[in-house]
Amino acid sequence: MIEDRRTVVAEAAIAALATRGARGLTHRAVDQLAGLPEGSTSYYFRTRAALLQACAEHLVARTQRELGPALEERAQLTLQELAALAAQAVCAWTAEGGLLVLARHELLLESARQPEIHQTLTAASGYLQKWLEDRIAELGLPAAPARAAELIACLDGIALAAAVAGQPDGDAVGRSVTRVVNGLLTEP
């Protein structure tokens, strides 16, 4: 039961980050969003730093659950398959009005001052970076690490722009992602 309550609190905290920003992430706000009695969030996460860390860990876990099966596929992908997978990932991140993207960016800003959050987010992005490097190398393209980093930055920008717009159009996001993937991963 405690794990379930921690998950409820973490989900509500992510929603608070996405809708109210880092300044709006308070124990009371999370209690309200989760529909819990006042003081519940404080019981599980005593400090704001602990609450932010829980957000980071839950965000990483949720992303791994959503994208994990696709990333576990180790078969060599074509450029078109990689573009489709990237579009699927960005669309998943921009679902629910961009909740995950907005919360992630709030956490990224917080991570500049909080090493634990930085470490959690860096470990997760390192996994994705390595996965992309391997897929790009399998396509026979040079400079796989640089291309992977550029691709992640571009996809992140597309996701953030769609989230900030409020109601992302999945088809438009997919087309943008496909153009970026093709542009960055076509041999110059």
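**Exercise 1.** In this predicted model, find which residues of helix α6 are buried.

*Solution.* Begin by locating the helix, which spans residues 115-138. Next, apply the cut-off, under which a residue counts as buried when its relative accessible area is under 20%. The residues of α6 that pass this test are Ile117, Thr120, Leu121, Gln129, Trp131, Leu132, Glu133, Arg135 and Ile136.

**Exercise 2.** Work out how the reach of α6 compares with the expected span, and then state what the phi of Gly140 is after the helix.

*Solution.* Count the residues of α6, which number 24. The expected span is 1.5 Å times one less than that number of residues, and the reach of 34 Å from the first C-alpha to the last is close to the expected 34 Å. Moving past the end of the helix, one comes to Gly140, whose phi is positive, near 80°. Further along, in the loop between α6 and α7, Ala143 has a positive phi of about 55°, although Ala143 is not a glycine.

**Exercise 3.** Decide whether Thr41 is buried or exposed, and identify which residues Thr41 touches.

*Solution.* First place Thr41 in helix α3, which covers residues 40-44. Because its relative accessible area is 0%, Thr41 is buried. Leaving aside residues up to four places away in sequence, Thr41 touches Val9, His27, Val30, Asp31 and Leu51. With Asp31 there is also a polar contact of 2.6 Å between the two side chains.

Terms used: Residues numbered from 1 in each chain as written. Predicted model: local features only at pLDDT ≥ 70, side-chain atom pairs only at ≥ 80, totals over all residues. Heavy atoms only, no water. Helix = DSSP H or I, 4+ residues; strand = E, 2+ residues; numbered from the N terminus. Buried < 20%, exposed > 50% of the residue type's maximum accessible area, 1.4 Å probe, protein only. Polar contact = N/O pair within 3.5 Å; in protein donor to acceptor, adjacent residues only side chain to side chain. Contact = heavy atoms within 4.5 Å.
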